[in-house]
Amino acid sequence: MTPTFLRGGLLALGFAALMGGTAEAADVNIYSSRQPALIQPLLDAFTKETGLTTATIFIEKGLEERVKAEGANSPADVILTVDIGRLDAAREAGILQPLENAVIAKDIPAAFRDKGNEWSGVTARARVVYASADRVGDEPITYESLADPKWKGKICIRSGQHQYNVALIAAFLAHHGEAKTKTWLEGLRDNLASAPQGGDRDQARNVAAGQCDIAIGNTYYVGLMRNNEKEPEQKEWAKAIKVVLPTFENGGTHVNISGMGLAKNAPNRDNAVKFMEFLTTDEAQRIYAEINHEYPLKPGVAQSESVKSFGELKPDTLSLTDIASHRAKASQLIDEVGFDKGPQS
């Protein structure tokens, strides 16, 4: 086994070898849980504007553990990831450092930034309803109404323990408290067409196949399906659904984020901050949001035509920091009601 004191240095050298040089060869080293193709246009624009080079390592799972294991020798400058759950996990793992930055604070609304300044949102996605274009009318839908017996046997969803759903249920907790949330989860569970499985795109497929009338999914998957040339059947799934933007009673639509944080031991700190500031510029917000079919977080930046087609978004005003504080209890309730076992009545 590699001794602990060497492990961080070897991991750093591994990163350097992957990038084709020393760990400091690039001006900004980025660890990302996003697919490289989804961020490369952004990196190209940053280099064109600043002259600074970037190196990226894609880590789909275990990003926090990887950076923590590397310790002080980590070459990571910036962490790019998705979902409040992953950002909060990075904060809890101690791999980020606080960054009080006037540019970011001006461009990104406070509800989408960590109260301790350890992470900030870049773009947003909404957790919405995929409704059958043929079988569901234009009626408004609230998150609360998903537990209404009229939807019995008609709802599809991925695992309740997936981070996207944990965040939604944590938001419900923040609005309604534990008792009401547990009752709601039981009602939603019993309205499912089957036990939760698959991903968000699979839920759209299930609606298209008539297995359910509505499903829960993120907005950006609709954009990805509509433009999927490699798997054209996904275009058909997208045609079979319409996006409904549900709201909380006395609230708005639940929104989550893709986000960024300054790595705790960033060797190129000044350049890293320049990159993070760049991500909040009009140009970067437009590029990042458009290629990922997400909502720009900087006020005034135009949405892509794809995103506009989802309808007018009125985001919930809950702070994502507050939602993150309810994630552990949300996960506990999901298990308590046996959500992932599917309908029980």
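This is a predicted model: local features need pLDDT of at least 70, side-chain atom pairs count only at pLDDT 80 or more; totals for chains, interfaces and linings use all residues.
I began with the packing of helix 7 (residues 200–208) and helix 8 (residues 219–226), whose axes lie 9 Å apart at an angle of about 70°. Helices here are DSSP runs of H or I, at least four residues long, numbered from the N terminus; axes are lines fitted to C-alpha atoms over the stretch in contact, with angles from 0 to 180 degrees between N-to-C directions. The two helices are therefore roughly perpendicular (65 to 115 degrees).

Residues are numbered from 1 along each chain as its sequence is written, and side-chain values use heavy atoms, without hydrogens and water.

Next I looked up who meets whom: D200, R201 and A204 of helix 7 touch Y221, L224 and M225 of helix 8 (contact: heavy atoms within 4.5 Å). By class I found 4 nonpolar, no polar and 2 charged residues there; Ala, Leu, Met and Tyr are among those counted as nonpolar, Asp and Arg among the charged.

Then I turned to Q203, also in helix 7. Q203 is buried, at 1% relative accessible area (buried is under 20%, with a 1.4 Å probe and protein chains only). Its side chain reaches the backbone oxygen of G199 at 2.8 Å. Beyond four places in sequence, Q203 contacts C156, I157, R158, Q197, G198, A215 and I216, leaving aside its neighbours within that span.

Last, I checked confidence: mean pLDDT (the predictor's confidence per residue, 0 to 100) is 92 for the chain, and 93% of residues reach 70 or more. I flagged residues 1–24, where pLDDT stays under 50.

Methods
Buried means under 20% relative accessible area, exposed over 50%, partly exposed in between (1.4 Å probe, protein chains only). A polar contact is a pair of N or O atoms within 3.5 Å; within protein, one must be able to donate a hydrogen and the other to accept it, and residues adjacent in sequence count only if both atoms are side-chain atoms. Angles under 35 degrees count as roughly parallel, over 145 as roughly antiparallel, 65 to 115 as roughly perpendicular and the rest as oblique.
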